[in-house]
Amino acid sequence: MAKVTNINNNKNVIKIDLEESYLDFDLAGKVFNVPLGDEARLKMITAAEEYEQALKKLEDVEVPESDEMTTKEYIALTDRAAELMKVAVDITLGEGAYDYIYSKTKDNIRVVKIFYMVHYEINAYLEQNGSLESDYESQYLKKVTKKK
């Protein structure tokens with residue numbers, strides 16, 4: 001955040017702190033630090049899209065009425081979706097996150113719900129903090145108003 005500060009009696013110095021964007025998620029007592037920089041966001045988006053594509057294929061299959069897909073093939077597809085979810089969770093929260101969450105929940109559906117909750121929070125954070133106006137503009141306007 002930018003702050004107008006008085007450094008060495010110079011009131012015209014603007015100090016801007018630089019830090020990497022991240023969010024911390026506490027899941028059952030374990031804190032996961034999620035970086036939100038450009039490269040990390042691109043990896044998260046790619047992994048989530050791959051998972052969504054696998055899920056779409058699953059939704060398109062009607063097992064009882066499908067002559068084209070055997071139960072074995074359906075199981076293989078669900079296993080592939082679970083593998084992609086593992087990759088997506090580990091990319092988002094860090095290596096080993098999927099195994100940790102699954103060990104606590106014993107339920108892939110619950111892991112998916114947690115994944116979507118984390119992504120919702122990340123998107124909300126990025127929307128809220130992505131505006132260039134935000135705090136800096138209001139801080140600047142307060143200082144300008146005081147001078148008048």
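User: Does K43 count as buried, partly exposed or exposed, and at what relative accessibility?

Analyst: This model is predicted. K43 forms a salt bridge with E39, with the closest N and O atoms 3.7 Å apart. Buried means under 20% relative accessible area and exposed means over 50%. K43 therefore counts as partly exposed, at a relative accessibility of 47%.

User: What separates E39 and K43 along helix 1?

Analyst: E39 is exposed, with a relative accessible area of 57%. E39 and K43 are 4 residues apart in helix 1, so the separation is about one helical turn.

User: Which residue forms a salt bridge with R41?

Analyst: R41 counts as partly exposed, at 29% relative accessibility. The closest N and O atoms of this salt bridge are 2.8 Å apart. At 61% relative accessibility the partner counts as exposed, and its name is D38.

User: What is the N to O distance in the salt bridge of R80 and E83?

Analyst: R80 and E83 are 3 residues apart in helix 2, so about one helical turn separates them. R80 is partly exposed, with a relative accessible area of 42%, and E83 is partly exposed at 45%. Their side chains meet in a salt bridge, and the N to O distance is 3.5 Å.

User: How many salt bridges does the structure hold?

Analyst: Some of the salt bridges form a network that links K86, D90 and D99. Another joins E39 to K43. The number of salt bridges in the structure is 5.

User: Which residues make up the covered face of strand 3?

Analyst: In a regular strand, side chains alternate between the two faces of the sheet. The uncovered face of strand 3 has Y22, D24 and D26. The covered face has L23, F25 and L27.

User: Which residue of strand 4 is the bridge partner of D26?

Analyst: Strand 3 and strand 4 run antiparallel and are joined by 6 bridges. The two strands form a hairpin with 2 residues between them, and A28 in the turn has a positive phi of about 55 degrees. In strand 4, the bridge partner of D26 is V31.

User: How many residues are in the largest nonpolar core?

Analyst: The residues with the most contacts inside this core include F25, V34, M85 and I122. Among the elements that give two or more residues to the core are strand 3, strand 4 and helix 1. The residue count of the largest nonpolar core is 27.

User: Which residues does I101 contact, leaving aside its neighbours within four places in sequence?

Analyst: I101 is among the residues with the most contacts inside the largest nonpolar core. Leaving aside neighbours within four places in sequence, its contacts are L27, V89, L93, V111 and I114.

User: Is L18 buried or exposed, and what is its relative accessible area?

Analyst: L18 is in the loop between strand 2 and strand 3. Together with I14 and I16, L18 makes a nonpolar surface patch of about 350 Å². Exposed means over 50% relative accessible area. L18 is therefore exposed, with a relative accessible area of 79%.

User: What percentage of the residues in the protein is buried?

Analyst: The protein has 5 helices and 4 strands, in the pattern β-β-β-β-α-α-α-α-α along the sequence. Its accessible surface comes to about 11,100 Å², of which 52% belongs to carbon and sulfur atoms. Of the 148 residues, the buried share is 24%.

Methods
Residues numbered from 1 in each chain as written. Predicted model: local features only at pLDDT ≥ 70, side-chain atom pairs only at ≥ 80, totals over all residues. Heavy atoms only, no water. Patch = residues over 30% accessible without salt bridge, like charges linked within 9 Å, V, L, I, M, F, W, Y side chains within 5 Å. Areas by Shrake-Rupley, 256 points an atom, 1.4 Å probe, with all protein chains shown as cover. Salt bridge = Lys/Arg side-chain N within 4 Å of Asp/Glu carboxyl O. Buried < 20%, exposed > 50% of the residue type's maximum accessible area, 1.4 Å probe, protein only. Core = buried A, V, L, I, M, F, W, Y, C linked by side-chain atoms within 4.5 Å. Contact = heavy atoms within 4.5 Å. Pairing = 2+ DSSP bridges.
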